[in-house]
Amino acid sequence: MKLILEYIRKHLGIFLLSTFFLTMEALADLLQPAFMSMIVDKGIKNADVARILRYGAAMLAIALTGAVCAVIRNRFASLVSQNIGMELRRDIYRNVQQLSMENIDRLRPASIITRITNDVAQIQEFINGIMRIMVKAPIICIGAVILIMLQTPRQAPVMAGILIIVSLLVFGNMRIGYPRFGAVQNRLDRLNGTAREFLSSVRVVKAFRAEDEEMGKFTEVSLELARANTAALRTMAVFSPLINLTVNFGIVLLLWISGSGQSAEIGRLMASVNYMTQVLFSVTMISNTLNTAVRAAASSERVKEVLDERPAQKLPKKPLTPEITGDIRFEHVCFAYAGAGKESLHDVDLHIRSGETVGIIGSTGSGKTTLVSLVPRLYDAVSGKIRIDGCDVEQIDLAHLRAAIAVVPQKALLFSGTIRDNLRWGRADAGEEELRAAAGIACADTFIEQSAQGYDTLLGQGGVNLSGGQKQRLSIARALVRNPRILILDDCTSALDARTEAEVLNGLRRMTGSTTVLLVSQRISTVMRTDRILCLDNGCIKGCGTHEELMASCETYRAIYRSQIGGKNNG
């Protein structure tokens with residue numbers, strides 16, 4: 001709850017103003033039964049029309065005042081709750097952007113999405129409830145109890161007993177409900193994760209006709225969520241009726257006391273019943289709001305976990321901004337993913353000269369992607385050093401480092417918007433000629449110009465209206481627009497035919513004369529014409545040299561060559 005209070009404090013002025021109008025509304029509700037009592041006991045009983053009209057006019061004015069206060073209070077409550085929700089989402093999103101891949105892997109993307117959406121919505125609902133009900137309900141409850149005791153003092157012990165029982169029931173509801181609502185949010189994480197996995201791989205699912213299997217997985221996690229919700233709501237199902245039963249029993253008992261003693265006037269009796277009804281309403285509202293508070297408390301802990309998360313990467317106190325030319329050194333680098341049983345890279349010692357094109361090849365899981373991910377500090381080495389132009393990458397300003405690097409990942413990632421918008425992710429101020437030149441080198445210009453809107457063609461989320469090869473070529477063009485000092489191509493031509501791949505690679509060689517290029521590929525034909533080839537196996541360097549040198553000295557490389565090209569030599 002500390003997190004919620006911190007955000008409420010930012011809007012304290014409006015919150016207090018809303019509380020003022022809420023208090024006025026509550027007082028107006030409390031005065032209504034009192035004036036009704038006077039109308040009955042002093043007006044109707046004595047046939048005093050003037051007094052009836054006077055008290056009636058006062059009741060009308062009080063009701064009007066309460067209605068105006070309610071409208072203003074609702075407006076302020078909506079404003080504050082929506083603003084706090086917006087600020088929470090913004091702050092979560094901003095912090096997630098600053099986190100390293102290690103943090104995001106640990107938090108899990110599906111869980112982050114749930115926290116930005118559902119958990120923040122729970123907090124919004126609670127804040128709105130505080131400003132609409134939580135303050136009003138205790139005022140009405142306490143005020144009604146006091147007025148009942150003032151009008152009928154004999155009923156004080158009954159009221160005290162009812163309040164004690166109700167308080168115990170409310171406390172028990174919160175104590176039992178809190179862990180259950182936390183479990184609901186965790187199950188919702190799993191549901192979102194399953195749905196996200198299916199939607200991101202829907203083509204594969206349909207291709208393998210695995211809809212039934214996916215439906216089974218989704219049904220299972222949906223059932224888990226339903227069970228968790230049932231367990232949480234079962235708490236409310238038990239305690240809410242008990243609270244209502246206690247208050248209604250109190251009403252009956254008060255009526256019995258008033259009737260048996262014959263000491264109460266009709267108006268006061270009516271007022272007492274009205275006040276007891278208000279107590280019942282208030283206690284019910286408090287109970288419901290506290291249930292919302294239990295959910296909000298569980299959600300705030302989850303939101304706070306993301307907001308308190310700090311980048312796993314160490315940021316330098318005095319970051320360096322050297323001129324980056326692309327000279328890269330790996331000095332006995334080891335790396336293991338969090339929770340992994342073994343190292344992904346082991347004792348990598350390598351020097352890549354500025355302007356050199358290095359092909360990186362190896363079997364699946366050999367550490368190729370991991371190796372190139374360490375250069376822009378998507379991850380940090382567990383041990384050893386990586387130096388760029390003589391500077392430890394962990395001492396270089398992160399924004400400065402990544403501004404000099406362009407990455408084309410294994411999976412082509414495009415964003416909603418036009419082709420031009422996507423290309424300008426490489427550099428926002430790139431001119432039209434630069435965009436066209438990059439698209440030409442990536443062999444993307446042909447299909448772009450054949451589109452009805454050309455560079456203004458709208459892309460769906462993830463570029464769903466493009467083929468795999470078209471997405472890869474746009475991703476390469478986007479990287480080239482940046483004109484980087486270091487270009488990382490992580491198996492980004494896998495969807496291209498041999499001819500198109502050859503054209504793209506030839507264009508890259510012409511454009512990137514002074515750029516250091518790290519070219520990761522599964523295909524030996526892609527890397528064999530690079531300046532040097534790095535051969536990896538199980539995270540270790542098995543060989544480094546030209547194609548001819550590796551064919552003569554590296555058995556792992558020869559095995560890859562034979563499996564793809566055939567023969568016993570380099571042909």
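Predicted model: local features only at pLDDT ≥ 70, side-chain atom pairs only at ≥ 80, totals over all residues.
**What to look for**

A cavity here is a set of points, on a 1 Å grid over the protein atoms alone, where a 1.4 Å probe fits but cannot get out; its lining residues have an atom within 4 Å of a point. Points are joined across faces, edges and corners, and a volume is the space filled by probe spheres set on them. The count is 4 cavities of 30 Å³ or more.

**First stop**

The largest cavity holds about 100 Å³ of space. Select T357, L505, L508, R509 and L519: of the 11 lining residues, these are the closest to its centre. Next, show β9 (486-490), α17 (498-511) and β10 (516-520), the elements that each give two or more residues to this lining; helices (H or I, at least four residues) and strands (E, at least two) are DSSP runs, numbered from the N terminus. The largest share, 3 residues, comes from α17.

**Second stop**

Now move to the second largest cavity, with about 50 Å³ of space. Select its lining, which includes L374, R377, Y379, D380 and K385. Strand β4 (residues 383-388) gives the most to this lining, with 3 residues.

Methods
Residues numbered from 1 in each chain as written. Heavy atoms only, no water. 1 Å grid on protein atoms, 1.4 Å probe; cavity = no way out; pocket = protein on both sides within 12 Å on 5 of 7 lines; lining within 4 Å.
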